[in-house]
Amino acid sequence: MTDAQALVKTLDFQLDIQSDNQGLLYDATLEARWAYNETIRLAKEGVDWDAIPDRVADDVDLVKNTTQRVVAKALGAMENYYEYDDFGQPSHTKDGGYPLRANYEEGYNLSLTDHGDVAFRISAKPYKHVEGVLKGSDAHLDILKTALTSDEWKIGTAEALFHNDNPELHVNITSTEQTVRDKYDSQTVVGVDVNEDNVALTALSEDGVEDSLVIDFPEIKFERHRYFTMRKRVQNAGKDSIHDTLGGREERVVRDRLHKVSRHIVEWSQQFERSCIVFEDLKEMRDSIDYGTRMNRRLHHLPFRALQFYTSYKASF
């Protein structure tokens, strides 16, 4: 029997930098890469691990908290290498940016604005800050706003990074009231297969298939195609303002339906003893398969990530 674990979620946001220094954040990720590489190099040379943080901090242009976090992650990679035979030795010659890891209210801060946005302030380098507002899904923003205004969640570490050249912030939050059972302590696995217009659920136990269910949502596919057609028409007409309005309407329609589907998944799963809901990882399939322009658009518009998040959030309570 395994113990219950704290409920931890990672919320992903895009950074709308408004302090006219996006280059500062990118330079800081390059400094973080140097700190990571240098930590690995020193560890390979046999330097005492306790001495590495101070040695790296003396030569890197980052705030101390961020440097400590980057060094700790690099040493963790080395520890995995020594502990597990199937882990390759980490490289100390990688290039490109590396995520800035920081503690809340030390390396970064968040606050609510009068307009209802979430503002951020990241200490990219000593006495140099990057500021702006967070952009992202309504679901993630709603939870973060709750964490900022109540004691239900505790805001923890975050990583600032660049994904496809776009700045992002990934924030970890922990519930102060809820715990989740370890997945290895489950008796029933509920597999979720996400398709274009439905999800197929199958409950499996040691005795075999317990039950199955198909939840249809053809309106999501229909509404997305309808709004895609309308956006193309207004875009060709040069009416960009209407284009943005239509995008917002589509998002609200899809989000409402996904909330209902995710609630149905959770309620159905609760009939089974110690159930664990499992989603297939579609990332590799999306990245590696090319069906042509039209089918690729339909594949990438599968509401997989949003449905997984909503289901995870509802199943935790």
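Is Ile40 buried or exposed? Ile40 is buried, with a relative accessible area of 0%, where buried means under 20% relative accessible area, exposed means over 50% and partly exposed lies in between (1.4 Å probe, protein chains only). The structure is a predicted model, in which local features need pLDDT of at least 70 and side-chain atom pairs count only at pLDDT 80 or more, while totals for chains, interfaces and linings use all residues. Residues are numbered from 1 along each chain as its sequence is written, and side-chain values use heavy atoms, with hydrogens and water left out.

The protein chain contains nine helices and 11 strands; helices (H or I, at least four residues) and strands (E, at least two) are DSSP runs, numbered from the N terminus. Of the 317 residues in the protein chain, 39% are buried. Contact means heavy atoms within 4.5 Å. Among contacts between residues at least 6 apart in sequence, 66% join residues at least 24 apart.

Ile40 itself belongs to helix 1. When its neighbours within four places in sequence are set aside, Ile40 is in contact with Ala74, Met78, Pro90, Ser91 and His92. Thr93 is 53 residues from Ile40 in sequence, and their C-alpha atoms are 9.2 Å apart in space.

Two packed helices are described by the angle between their axes and the distance between the axes. Helix 1 (residues 22-44) packs with helix 2 at an angle of about 140°, and their axes are 10 Å apart. Helix 1 is therefore oblique to helix 2. Axes are lines fitted to C-alpha atoms, for helices over the stretch in contact, and angles run from 0 to 180 degrees between N-to-C directions. Angles under 35 degrees count as roughly parallel, over 145 as roughly antiparallel, 65 to 115 as roughly perpendicular and the rest as oblique. The crossing of helix 1 past helix 2 is right-handed; a crossing is left-handed if the near helix is turned anticlockwise from the far one by less than a right angle, and right-handed if clockwise. At this contact, Trp34, Ala35, Glu38, Thr39, Leu42 and Ala43 of helix 1 meet Ile52, Arg55, Val56 and Asp59 of helix 2. By class, these are six nonpolar, one polar and three charged residues. Here Ala, Val, Leu, Ile, Met, Phe, Trp, Tyr, Cys and Pro count as nonpolar, Asp, Glu, Lys and Arg as charged, and the others, Gly among them, as polar.

Helix 2 (residues 52-59) also packs with helix 3 (residues 64-83), at an angle of about 130° and with the axes 10 Å apart. Helix 2 and helix 3 are therefore oblique to each other, and helix 2 passes helix 3 in a right-handed crossing. Ile52, Pro53, Val56 and Ala57 in helix 2 meet Thr67, Val71 and Leu75 in helix 3. This contact comprises six nonpolar residues, one polar residue and no charged residue.

Four of them form an open sheet in the order 10-9-8-11, with mixed pairing; two strands pair if DSSP finds at least two bridges between them. Strand 10 and strand 11 (275-279) stand at the edges with a single partner strand each, so one side of each is left without a neighbour in the sheet. From one strand to the next, the twist averages 20°.

Within this sheet, strand 8 (residues 188-194) and strand 9 run antiparallel and are joined by six bridges. A hairpin links strand 8 to strand 9 through three residues, and Val190 has Ala203 in strand 9 as its bridge partner. Strand 9 (residues 198-205) in turn pairs with strand 10 (residues 208-216) in the antiparallel sense over eight bridges. Strand 9 and strand 10 form a hairpin with two residues between them. Ser205 has Gly208 in strand 10 as its bridge partner, Leu201 stands opposite Leu213, and Asn198 stands opposite Asp216.

Most residues other than glycine have a negative phi, and most peptide bonds are trans. Glu105, in the loop between strand 2 (100-102) and strand 3 (108-112), has a positive phi near 70°. Glu105 is exposed, with a relative accessible area of 56%. Asp165 lies in the loop between strand 6 (153-163) and strand 7 (166-180), and its phi is likewise positive, near 70°. Asp165 is exposed, with a relative accessible area of 68%.
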